[in-house]
Amino acid sequence: MTVSTNNLINGIKKIGGYWAHSDFKGKLGKCGSLIGMVSVAIVFSAISPFFLTLDNWIDILRQSAPAIIAACGLTFVIAGGGFDLSVGAQASLSCVMSVYLMLQGWPIWTAVVAALLCGALLGSFNGFVCGTLGIVPWVGTLLIMLFASGPQYIATGGGRVQYLASDAFSAFTFLGKGAICGIPTPVVISLSIGILAHLFLSKTKIGYNIQAIGSSKQAASLAGIPRKKYMWLIYIICGLFASAAGIMVAARLGGSQVRTADPMMTEAIAAVYIGSTIFRDGEPYIIGSIIGAIFIGMMRTGITLVGVPYWGEYLFRGIIVFAAIILSGIRSK
Amino acid sequence: MNVKSLTANRTKNLSFMHIMRKYGTPIGIVILCIVFAMLSPYFITVSNIMNILRQAATITLIAYGLTFVVAVGYFDISLGAVAGTCGILATYLMSQGTTFLLSLLGAVCLGAAFGAVNGFAVSKLKLNDFLVTVAMMFIAQGIDILLSKGTNIFVDTKTHKLFLTVGQGDIGILPVAAIVMLGVGLICHITLTMTPFGRKIYAIGENQKVAYLSGIKTTKYIWLAFIIAGALYAMGGVMMTARLGAGKSQAGMSLLGDAIAAYALGVTFLKEGKAHIVGTLVGGLFVSIMANGFTMLNIPFYYQYITWPIAILLAVSASGSQRE
């Protein structure tokens, strides 16, 4: 008996030794986020029986769709070493703008393209300020974040809600409310955009260059990558994606309200940072951002199901960002 | 090619940009005043000028807080939300029957608490200052809504006369608010420029590593800077509610743009690129004059979303303060 307990204890000590000497912490760090997410899902499903239903999950995916797109766009910027505070504001702007143009009689797709171009334009301004002028991205993109609310109020005459009431817009609202082969359109669109973004960032030369700049500006410059041009590029891409997200919000709402997509900023930021901890050590990458965005959508749905009062939403956002940065260990200068 | 002609040319080339950098903001104020005075006869009246001073108080107090944070080398985007929330807390306490001074104390404590969390996360945990303060901004908004339930909290001004006086009263000609703004500014200015504490703050802001190596306990001072900033934000928030006579829910976003603009415009003044209080005061006046002029000319509030970025961009690019 004594011998076998000794063996047992020795065995445990050996395992403990492997535990300590192996890259356990690193591995836990890499899987930690997923474990955390699954645990949260388990907790939610324990509290509410509706959580694990297929309907709920399709709903989560549908609601997360704009955030997924925005998070993908932001991933390009963060992977390139910058930051973009204006993601939410740009989404709101394109949301209001596309609806406004459609109500003014513009053809649907022209309005959509115009809104996307607007996003690219604001993105290029961000690129100019942060790249060419060299202003710190936080302050630089703050400018557009503040600016973007202006045209929204001006166009709506002070903040009125706009409705796409007539059937003429059904092609547009199909983007937000319809379904293709049973899968909601937003889900199809956002996931396809996500896959394309992933392929672009991780498999193309431009994508590699972006990641190179993000890793080390000096090394990238020395390797001959034109840094300023790439700064413009990442912000333009982010602006495009943010606008696309805003257009999707408009399609889903069937109208627009001033600043309605502003919260997307926190969701996108948190998604990218949480995503960077899934299987990677803090490097932002698209698949992670998509998972992060879905996780945040899941948390929001879960919190609503559990019944947290409305002020909880803000606290929730703040805590999410905190969790994201602590998890990914973003260091300050 | 003698030396004298070389240097003479250089001074000429530098001089315009140099003047714009150093004195751009006061020149801007003068230009604004002239333009507005031409467009409206009410602009140069004594009561309007006092109004401008009174309006500047809120934003300037908040911008003082930001000045401390930037002086120590970081940024704080939670300032608007914290100010708004502390204002709400103060009015909430007053509506429950607390005296003004105690409510003010409570609000300042809350602001200091926010600052303490920010400062801790940035200095001890070494997290990124922007992300931490973004998170704090949302948490503050949550508490704001929790206390105010989304509506404004009105304060019974009959029982809280001191509250009303601070926001809307005068001592002689000068509004109390302006006196508070100048007085607090004086204290902050002296602290930052004439005390060892202030010198250490600037030292950390200039180069944190060197400051640390020369023996300054950087963690402690960064933390303190954030706490002081939080307290100042709270004062600004309470000042805003005192002016309105009520707590305004969700006032954070509008305060954010104004306060940052005030700070940014001040950075160029006198000492290029260094955050300092006098500049912030001038910046606050600039912002207040612009807002006042807009109201006089009946320009809707949301056009400020366009003027803030322009002002901040001009100020930041001229001063070179937020460059990488």
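**Close-up views of a two-chain predicted model**

View 1. The model is predicted, and here the second largest cavity has a volume of about 40 Å³. To find the spot, look for Thr266(A), Glu267(A), Ala270(A), Ile296(A), Arg300(A), Phe316(A), Arg317(A), Ile320(A) and Val321(A), which line the second largest cavity. At least two lining residues come from each of H13, helix H14 (286-306) and H15 of chain A. With four residues, H15(A) gives the most to this lining.

**View 2. The largest cavity is lined by residues of chain B.** A search of the whole structure turns up three cavities of 30 Å³ or more, and about 90 Å³ of space lies in the largest cavity. Helix H11 (252-267), helix H12 (277-296) and helix H13 (304-319) of chain B each bring at least two residues to the lining of the largest cavity. Among the lining residues are Asp258(B), Phe286(B), Met290(B), Thr307(B) and Trp308(B). Sorted by class, the lining of the largest cavity has eight nonpolar, two polar and one charged residues.

**View 3. Chain A meets chain B through 44 residues from chain A and 46 residues from chain B.** Between them, the two chains bury about 4000 Å², with 78% of it on carbon and sulfur atoms.

**View 4. Several helices of chain A make up the side that touches chain B.** Helix H5 (108-132), helix H6 (137-147), helix H7 (149-155), helix H13 (264-275) and helix H15 (312-328) of chain A each give two or more residues to this side. The largest share, nine residues, comes from H15(A). By class, the side of chain A that touches chain B has 30 nonpolar, eight polar and six charged residues.

**View 5. The second largest pocket has a volume of about 1300 Å³.** Of the 45 residues that line this pocket, Gln250(B), Ala251(B), Met253(B), Ser254(B) and Tyr305(B) are the closest to its centre. The lining of the second largest pocket is made up of 25 nonpolar, 13 polar and seven charged residues.

Conventions: Residues numbered from 1 in each chain as written. Chains lettered and ligands numbered in written order. Predicted model: local features only at pLDDT ≥ 70, side-chain atom pairs only at ≥ 80, totals over all residues. Heavy atoms only, no water. 1 Å grid on protein atoms, 1.4 Å probe; cavity = no way out; pocket = protein on both sides within 12 Å on 5 of 7 lines; lining within 4 Å. Points joined across faces, edges and corners; volume = space filled by probe spheres on them. Nonpolar A, V, L, I, M, F, W, Y, C, P; charged D, E, K, R; others polar. Contact = heavy atoms within 4.5 Å. Buried area = accessible area lost by both parts, 1.4 Å probe.
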